[in-house]
Amino acid sequence: MAEEEAKKVEVEVTEAPPAAAAEPEPAAKDVAEEKAVIPAPAPPAEEEKPPVDDSKALAIVENIALARVETEKRNSLIKAWEENEKTKAENKASKKLSAILSWENTKKANIEAQLKKIEEQLEKKKAEYAEKMKNKVAIVHKEAEEKRAMVEAKRGEEVLKAEEMAAKYRATGHAPKKLIGCFGA
């Protein structure tokens with residue numbers, strides 16, 4: 001591209017001297033006309049650039065437009081690729097997050113099931129121990145009743161024995177050999 005511009009400048013420079021030779025003829029005209037005919041000075045950027053051939057200028061403009069279109073196309077492809085990659089990354093992350101959530105819920109459900117199972121086992125053991133303790137209480141109560149009955153029976157026997165002995169002593173007229181300690185003999 002730079003080589004084409006350099007060649008264009010050389011071609012334009014060689015064409016400029018014949019145009020300069022043609023200008024001395026109008027100089028003979030009236031000074032008033034020259035003032036009216038003199039065009040306004042061109043901007044400094046145009047003075048540095050010599051006039052370019054129209055076909056070459058069109059080719060350069062077309063090349064610039066094509067380059068701009070290619071750049072825009074490349075940028076739009078890059079943007080589309082970037083959006084696609086971002087979407088893929090977000091989809092992948094959301095899929096992994098949902099898998100983790102599912103895993104977490106499964107683990108929680110398993111742990112809660114184990115906890116319920118253990119609680120049921122503990123409740124069952126508690127009920128069994130409560131039943132055993134009630135049975136022990138019943139056994140102790142039964143033994144206590146038996147002991148009470150034995151004590152009552154022995155008391156009844158001793159009372160009968162004491163009554164019989166008292167009747168015997170009355171009949172014989174003898175006093176018992178052992179008295180209560182306070183009535184000492």
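Glu-82 and Lys-86 are four residues apart in helix H4 and so are separated by about one helical turn. Their side chains meet in a salt bridge at 3.4 Å, N to O (a side-chain nitrogen of Lys or Arg within 4 Å of a carboxyl oxygen of Asp or Glu). Glu-82 counts as partly exposed at 35% relative accessibility, and Lys-86 counts as partly exposed at 43% (buried is under 20% relative accessible area, exposed over 50%, partly exposed in between, with a 1.4 Å probe and protein chains only).

Glu-85 and Lys-88 lie three residues apart in helix H4 and form a salt bridge of 3.3 Å, N to O. Arg-155 pairs with Glu-152, with the closest N and O atoms 2.8 Å apart. The whole structure holds five salt bridges.

## Model and conventions

This is a predicted model, in which local features need pLDDT of at least 70 and side-chain atom pairs pLDDT 80 or more, while totals for chains, interfaces and linings use all residues. Residues are numbered from 1 along each chain as its sequence is written, and side-chain values use heavy atoms, leaving out hydrogens and water.

## Fold and surface

The protein chain has four helices and zero strands (DSSP runs numbered from the N terminus: helices H or I, at least four residues; strands E, at least two). Buried residues make up 2% of its 185 residues. The accessible surface is about 17400 Å², 61% of it from carbon and sulfur atoms (Shrake-Rupley method, 1.4 Å probe; for residues, only the protein chains shown count as cover).
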